[in-house]
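Work through these exercises with the sequence and the model side by side. Try each task before reading its solution.

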Amino acid sequence: MQTTNTRSLVHIAIATALIAALSQISLSIGPVPFTLQTLAIALVACIYKPKEAISSVALYLALGAIGLPVFAGFSGGFASLFGPTAGFLWGFLLYAAITSSLTSPNSHPLQVFLACCLGTVACFLLGCLVFKLVSGANWADTLAWTVFPFILPDLAKIAVATLCHQLLRPIVKKEAFFN
């Protein structure tokens, strides 16, 4: 039992580090930057069990909240979790919960792709809603700034995550932790 708990903590730490690292690959295209955070969330969520996937994202958010520069653009701090783009950060928890609940190491690629799409939609919904409420922007501007520019890039990231899931499948199947 102790080995399983230790292994779980190590996997959570690795996933959190992956999310933090890919968050720094950022391109500012408006109020919401384009990052590879969602690629990291998708990878973690489609490989890990729900408990570990959600814990990884929660740890990432906690590290950012205490001020570590883990959010996009090496930002951090408690205020990030309540600003205009906070809904996307909180949406990562939904993304991880939905996707990890619907996938496993044995999942078919189409199942992984669709589960990631559902997770992305949940993240978009929460992010878009919070952005509108905090910024006071109208719905047309909110969608133009927070959703439309990200649809195609996010579909590409989901495709990459699906491919990685399939490539990692033989390795993950051998590891008892993931089964």
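Buried means under 20% relative accessible area, exposed over 50%, and partly exposed in between (1.4 Å probe, protein chains only). The model is predicted: local features need pLDDT of at least 70, side-chain atom pairs count only at pLDDT 80 or more, and totals for chains, interfaces and linings use all residues. Residues are numbered from 1 along each chain as its sequence is written, and side-chain values use heavy atoms, with hydrogens and water left out.

**Exercise 1. Find the aromatic pairs and classify two of them.**

Step 1. Apply the rule: rings of Phe, Tyr and Trp (its six-membered ring) pair if their centres lie within 6.5 Å; planes under 30 degrees apart count as stacked, over 60 as edge-to-face and the rest as tilted.

Step 2. Take Phe 78 and Phe 82. Their ring centres are 5.0 Å apart and their planes meet at 50°, so this pair is tilted. Both Phe 78 and Phe 82 are exposed.

Step 3. Take Phe 131 and Trp 145. Here the centres are 6.0 Å apart and the planes stand at 80°, so the pair is edge-to-face. It links distant parts of the chain, 14 residues apart: Phe 131 sits in helix 5 (residues 109-135), Trp 145 in helix 6 (residues 139-146). Helices are DSSP runs (H or I, at least four residues), as are strands (E, at least two), numbered from the N terminus.

Step 4. Check cover. Phe 131 is buried at 4%; Trp 145 is partly exposed at 38%.

**Exercise 2. Locate the salt bridge and describe its setting.**

Step 1. Search for a side-chain nitrogen of Lys or Arg within 4 Å of a carboxyl oxygen of Asp or Glu. The count is 1 salt bridge.

Step 2. Name the partners. Lys 157 bridges to Asp 154, with the closest N and O atoms 3.0 Å apart.

Step 3. Lys 157 and Asp 154 lie 3 residues apart in helix 7 (residues 151-174), about one helical turn. An α-helix has 3.6 residues a turn, so residues three or four places apart point the same way.

Step 4. Check cover. Lys 157 is buried at 8% relative accessibility. Asp 154 is buried too, at 6%.
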